[in-house]
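Here are a few exercises to work through with the structure open in your viewer. Try each task before you read its solution.

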Amino acid sequence: MSDNIKQSNTLANEQVLLCRSCDKVLTVPTLSSEQRAYCPRCKTRVLDNSDCPMHALLALSLASLVMFFPANFLPLLEVHFFGSIREATVTQGALSVIDLGYWLVGVSVLICAVVAPGLLILSLITQVLLISTKRPLSPWRKSLLLNLLRTHGALTQFTMLEIYLISFFVSVFKLTDFSDVYYGVGTYSFVALFVFLFYAQREYNPELFWRRYHEQCG
Ligand SMILES: [Zn+2]
């Protein structure tokens with residue numbers, strides 16, 4: 001009992017934060033520049049006082065943008081079936097599903113595998129460029145940055161490349177039972193897009209962006 005009271009008194013005197021992954025209550029450590037703090041229980045990054053992620057984030061976002069076009073518009077698969085050869089891209093696949101009447105599935109694929117990742121990449125690049133500007137932002141740039149920061153969470157939720165990849169490889173596994181299947185350039189580009197975007201999202205630190213926004217825009 002006395003231990004609990006002592007603990008709550010201690011917490012009352014210190015700044016605390018909650019780990020966003022496991023809700024562990026943590027006291028706010030004092031970080032010097034270029035340092036990060038991780039939750040001791042689940043190893044989630046809770047504080048970041050480093051500017052390095054800006055450069056890493058920009059590089060990863062640009063690499064994702066480069067991979068985005070071949071991943072979505074070049075063939076994912078080449079299927080050889082009784083002498084006929086069929087190729088398909090992500091976008092064609094989603095449109096074919098809509099044509100077959102499964103519009104909810106097709107639209108979901110288009111949103112989660114094409115539109116949301118594309119918007120997320122553009123949002124990341126724009127945010128980094130605006131935040132890295134040393135000069136004060138003009139009102140419309142300030143408003144753009146604010147809207148991008150506010151919508152970032154939603155875009156992240158709608159980006160589901162990993163689910164598409166898993167479904168894709170399950171379909172390939174089933175197709176190999178009755179046809180010859182060859183991976184296309186689109187497959188390798190899509191996997192690269194997934195890896196780059198995964199690490200870009202890992203490097204993205206919303207607290208740092210909001211802090212820099214308030215420092216720049218008041
Ligand atoms: Zn945690």
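**Exercise 1.** This is a predicted model. Work out which domains the chain is assigned and how far apart their C-alpha centres lie.

*Solution.* Start with the bounds: the domain assignment puts residues 1-49 in domain 1 and 51-217 in domain 2. Next, take the C-alpha centres of the two domains, which lie 33 Å apart.

**Exercise 2.** Describe the interface between domain 1 and domain 2.

*Solution.* Count contacts first: six residues of domain 1 touch 10 residues of domain 2. Then get the buried area, about 620 Å², with carbon and sulfur atoms giving 25% of it. On the domain 1 side, E34, R45 and D48 lose the most area to domain 2, together 58% of what that side buries. Finally, look for charge pairs: there are two salt bridges between the domains. As for R20, it forms a salt bridge with E207, and their closest N and O atoms are 3.3 Å apart.

**Exercise 3.** Find the donors of the zinc ion and say why the arrangement is tetrahedral.

*Solution.* Pick out the SG atoms of C19, C22, C39 and C42, which coordinate the zinc ion at 2.2 to 2.4 Å. Along the chain, these donors follow the spacing C-x2-C-x16-C-x2-C. C19 sits in the loop between β1 (16-18) and β2 (25-27), while C42 sits 23 residues away in the loop between β3 (36-38) and β4 (45-48), so the pair links distant parts of the chain. Now the angles: the four donor atoms subtend 102 to 116 degrees around the zinc ion. Tetrahedral requires all angles between 85 and 135 degrees, so the arrangement qualifies.

**Exercise 4.** Are C19 and C42 buried or exposed, or in between?

*Solution.* C19 has a relative accessible area of 0%. Buried means under 20%, so C19 is buried. C42 comes out at 30%, which makes C42 partly exposed.

How values were computed:
Residues numbered from 1 in each chain as written. Predicted model: local features only at pLDDT ≥ 70, side-chain atom pairs only at ≥ 80, totals over all residues. Heavy atoms only, no water. Donors = N, O, S within 2.8 Å, 3.2 Å for Na, K, Ca; no water. Tetrahedral: all angles 85-135°; square planar, octahedral: opposite > 155°, others 65-115°. Helix = DSSP H or I, 4+ residues; strand = E, 2+ residues; numbered from the N terminus. Buried < 20%, exposed > 50% of the residue type's maximum accessible area, 1.4 Å probe, protein only. Domains from an automatic or database assignment. Contact = heavy atoms within 4.5 Å. Buried area = accessible area lost by both parts, 1.4 Å probe. Salt bridge = Lys/Arg side-chain N within 4 Å of Asp/Glu carboxyl O.
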